[in-house]
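Dear colleague,

Please find below the structure I am handing over to you. A short account of the findings follows it.

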Amino acid sequence: MAYLDMFKAEKIFPRTWQITYEFAEFGPKIDPVYCYLLEGDTYALVIDTMYGYGNLRAFCETLTDKPMKVVNTHFHGDHIAGNYHFDVAYIHWRDLPYYYGKNFSLPGGGGFPKTQQEIYERAKFVAKPEYVDKLRLEDFKEATPIELYTIEDGDIFDLGDRQIEVIWVGGHSPGCIALLDRKNRCAYTGDCCNGNTILGIGNSLPIEEYLENLLHFYEFRSEFDITYGGHQVIPACVVEEGIELCARILAGTDDKEERQTRHGVSTYGAAREPGGYRRADGKHFNISYVPGKLLKEEKKPQIIKN
Ligand SMILES: [Zn+2]
């Protein structure tokens, strides 16, 4: 299978594409994984790089002839694993410590894929049955280091004729960001806020802190109508729905639907989902969280031993 055939792109705005995998299987309860390519006059911005199967850079080069920079919405393996196809990437400083660390978001087990064989095996794990035998080891590039720079809230990617602003919405991961595209009245949100916002994992932030960051995101709310996430495309009202539901969690009035996440941690779903996937009241936002991790903790100095 030629590596370019692994991807498909849909134009969502002028010089702006949503990219996903053609060959991978996303079941009825599993959302696909998306990344985005935004072309400007000076350079093109690649927002997230998915699982690293195939050669995302070569595919993007069929859409743009501009030099490319990558920005990661956060450090999870389904958002950064394809970075090694590119030369330069940017990530929020609070996610930097985890970038090369053990990464649980990859199917088939944890760990950032470091070898061609590992990337190949993981591609076979998610492939549709008709594609499994078509995947070839040589389709998968060996992972290589790249230049990595940190960003923070308020930074701007100036692509020449369009500017994309970084908004810190830490919660799902400490350094989660959204990227505001004012020209197209949209925000690229990674896993910041969606129908399955997971705050039940190791280094997610407490609900109180996440709520503060959602309120910060809300300051920009009049400037976008839709969110293009890493797995879902949802109207921008998901932000106020998130604020409402987090406030209910802190008040103790959410639905507290018991769940077992795939990462083995017992969590609550804040809004009931009778079908096990979407809210009964038609709202888009939902969140899973650890009951004991609601309030901000007092900041203490680091004690580094050994
Ligand atoms: Zn994530």
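**Strand β3 and its surroundings**

Four bridges connect β3 to strand β4 (residues 44-47), and the two run antiparallel. Helices (H or I, at least four residues) and strands (E, at least two) are DSSP runs, numbered from the N terminus, and two strands pair if DSSP finds at least two bridges between them. This is a predicted model, in which local features need pLDDT of at least 70, side-chain atom pairs count only at pLDDT 80 or more, and totals for chains, interfaces and linings use all residues. Residues are numbered from 1 along each chain as its sequence is written.

A hairpin of four residues links β3 to β4, and Glu 39 has Ala 44 of β4 as its bridge partner. Strand β2 (residues 16-21) also pairs with β3, in the antiparallel sense and over four bridges; there, Ile 19 stands opposite Cys 35.

Strand β3 (residues 35-39) has five of its five residues buried (20 or more other C-beta atoms within 10 Å of the residue's own, with C-beta atoms placed from the backbone). Cys 35, Leu 37 and Glu 39 lie on one side, and Tyr 36 and Leu 38 on the other. In a regular strand the side chains alternate between the two faces of the sheet.

**Helix α5**

In helix α5 (residues 207-218), the end C-alpha atoms are 16 Å apart. Its buried residues include Ile 207, Tyr 210 and Phe 217.

Yours sincerely

Key
Buried ≥ 20, exposed ≤ 12 C-beta atoms within 10 Å, placed from the backbone. Expected span 1.5 Å × (residues − 1).
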